[in-house]
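I opened this model to look up a few things for myself. My notes follow, entry by entry.

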Amino acid sequence: MAQVEESKTGTQIEVEVRKIGASDVERVSDVLGRAFDDDPFANWMAQQDERRAERIRHSMKVALTRMTMPFGECYTTNEVQGAALWTPPGKWKLGLLQQLLLMPSIVKTTGLRRVPAVMGGISAVEKKHPHPPHYYLMVLGTEPSLQGKGIGTQLMRPVLERCDREGAPAYLESSKERNLPLYERNGFRVTEEMTVPNGGPKIWLMWRDPK
C-alpha cells in the first residue's frame, strides 16, 4: 500500500494492508484479544475472572463477525499483525432485533449479573455518537509487540483515503489517552471527554473532517 509516514514513535514497519476474509477471523480475533488485553473499556466490559482474556477475545470476534465485517470495511495485514474494523455511514447503530440476537454474546463477555450496568454504559456512549453520516472506526488494534511502529496508521489509511475522496467524516472513541496522538496525526481531533457510567473508564470522542 502507500508508503509509511514518519511519526515520533520510533522505527516504522511497512506492511501490506488488505481486507479481512473469512479465513482470517480466528487469527484476527486472537491478535485483537491481545491488543485489547490492557484496554480500559474492554476490561470494564469483560467480567474480571479467570476467563477474562477469553471474554475480551470473544468481544473482539463479535465486533468483527457480527458488527463490522458484513459491511466490507475491515482490514488487516498480510501477516495479520493487527486490524481496523469500520462501519460505513448509517450502519453503526444496531436495531432492536440485532441487539436481542447479540445478547447471548454480550452475556458471555460481561457475565449475566453485569449486563444491565454494561448495557447502560454503552447506551450512554451511543447517545454521544454523532448524527451526521460518517465512517465509524469501531476497533483498531495491533499486536502488542508491534505497537508504535506505524501499523495502526497503515491499517486506517484505506478508509481515511476513501473519506477524503468522498468528502466524508470519520469518528471513533478511545479509552487510552496515550493513543490520542496517533489519531491526531491522522486528522482526528478530540471533541469531548466523558466517563462511562456504571463504573466505566474515561473515553475520548474524536472526529475527523475530510481533507
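**Entry 1**

I looked up C74 and found it buried, with a relative accessible area of 2%. For me, buried means under 20% relative accessible area, exposed means over 50%, and partly exposed is in between (1.4 Å probe, protein chains only). I note that this is a predicted model, where local features need pLDDT of at least 70, side-chain atom pairs count only at pLDDT 80 or more, and totals for chains, interfaces and linings use all residues. Residues are numbered from 1 along each chain as its sequence is written, and side-chain values use heavy atoms, with hydrogens and water left out.

A disulfide here is a pair of cysteine sulfur atoms within 2.5 Å. By this rule I count zero disulfides. C163 is buried as well, with a relative accessible area of 0%.

**Entry 2: the sheet**

Next I traced the strands. Helices (H or I, at least four residues) and strands (E, at least two) are DSSP runs, numbered from the N terminus. Two strands pair if DSSP finds at least two bridges between them.

I found an open sheet of seven strands in the order β1-β2-β3-β4-β5-β7-β6, with mixed pairing. Its edge strands are β1 and β6 (189-195), and each pairs on one side only. The twist from one strand to the next averages 25 degrees. Axes are lines fitted to C-alpha atoms, for helices over the stretch in contact, and angles run from 0 to 180 degrees between N-to-C directions.

I then walked along the strand pairs:

- β1 (residues 17-19) and β2 run antiparallel, joined by three bridges. V17 stands opposite T77 in β2.
- β2 (residues 74-77) pairs with β3 in the antiparallel sense over three bridges. C74 stands opposite L85 in β3, and the bridge partner of Y75 is A84.
- β3 and β4 (residues 135-142) run antiparallel, joined by six bridges. G82 stands opposite T142 in β4.

I also checked the turn between β2 and β3. These two strands form a hairpin with four residues between them. V80 in that turn has a positive phi of about 50 degrees.

**Entry 3: covered strands**

Are the faces of β2 buried or exposed? C74 and T76 on one side are buried, and so are Y75 and T77 on the other.

α1 lies across β2, β3 and β4, running at about 80 degrees to β4. Helix α6 (residues 151-166) packs on the sheet too, touching β1, β2, β3, β4, β5 (170-174) and β7. The direction of α6 makes about 165 degrees with that of β4.

**Entry 4: nonpolar cores**

In soluble globular proteins, nonpolar side chains tend to be buried together. I looked for such groups here. A nonpolar core is a set of buried Ala, Val, Leu, Ile, Met, Phe, Trp, Tyr and Cys residues joined through side-chain atoms within 4.5 Å.

The largest core has 32 residues, and I20, V28, L32, F36, L64, L85 and V139 touch the most other members. Elements giving two or more residues to this core include α1 (25-35), α3 (52-68) and β3. The largest share, five residues, comes from α1.

Which residues does V28 contact, leaving aside neighbours within four places in sequence? I listed I20, L64, T76, V80 and A83. Contact means heavy atoms within 4.5 Å.

A second, separate core has 24 residues, including V17, L146, I151 and M206.

**Entry 5: aromatic rings**

Last, I searched the whole structure for aromatic pairs and found four. Rings of Phe, Tyr and Trp (its six-membered ring) pair if their centres lie within 6.5 Å; planes under 30 degrees apart count as stacked, over 60 as edge-to-face and the rest as tilted.

F41 and W44 form a tilted pair, 5.3 Å centre to centre with 55 degrees between the planes. Both lie in helix α2, three residues apart, about one turn of the helix. Y183 and F188 form an edge-to-face pair, at 6.1 Å centre to centre and 75 degrees between the planes. Y183 counts as buried at 6% relative accessibility, and F188 counts as buried at 3%. I also noted one aromatic cluster, formed by Y136, Y171 and W207.
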